[in-house]
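Biologist: Could you walk me through this one, step by step? I am new to reading structures.

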Amino acid sequence: RRSGDDASERIRDAPYCLARDIRGIGFATADALAKRLGIDPESKAEEEARQKAESELKRAKAENLMFGS
């Protein structure tokens, strides 16, 4: 866990860390929070988080096809 006394400040500074660090919180939730916090939707952080989420989704779909889950 990477929480603690500075958790709220860290989330305000980098809301996309939620999708990376907390199981069950995905890109859409982190992106919605980022927008409410005024993070530019064209920011580098948004782009990187979106690309990572898309990559993970493709990997999960491929695994499901491969293993028939």
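Biologist: Which helix gives the most to the lining of the largest pocket?

Modeller: In this predicted model, local features need pLDDT of at least 70 and side-chain atom pairs pLDDT 80 or more, while totals for chains, interfaces and linings use all residues. Residues are numbered from 1 along each chain as its sequence is written, and side-chain values use heavy atoms, without hydrogens and water. The lining includes Tyr 16, Phe 27, Glu 48 and Lys 52; a pocket is an open set of points on a 1 Å grid over the protein atoms alone, where a 1.4 Å probe fits, with protein on both sides within 12 Å along at least five of seven lines, and lining residues have an atom within 4 Å of a point. Helices are DSSP runs (H or I, at least four residues), numbered from the N terminus, and the top contributor, with 6 residues, is α4.

Biologist: How are the rings of Tyr 16 and Phe 27 arranged, stacked or edge-to-face?

Modeller: Rings of Phe, Tyr and Trp (its six-membered ring) pair if their centres lie within 6.5 Å; planes under 30 degrees apart count as stacked, over 60 as edge-to-face and the rest as tilted. Here the centres are 5.9 Å apart with 15° between the planes, so Tyr 16 and Phe 27 are stacked.

Biologist: How many residues apart in sequence are the parts that this pair ties together?

Modeller: Tyr 16 sits in the loop between α1 and α2, and Phe 27 belongs to helix α3. The pair therefore ties together parts whose separation in sequence is 11 residues.

Biologist: Is Ser 43 buried or exposed?

Modeller: Buried means under 20% relative accessible area, exposed over 50%, and partly exposed in between (1.4 Å probe, protein chains only). Ser 43 has 16% relative accessibility, so this residue counts as buried.

How values were computed. Helix = DSSP H or I, 4+ residues; strand = E, 2+ residues; numbered from the N terminus.
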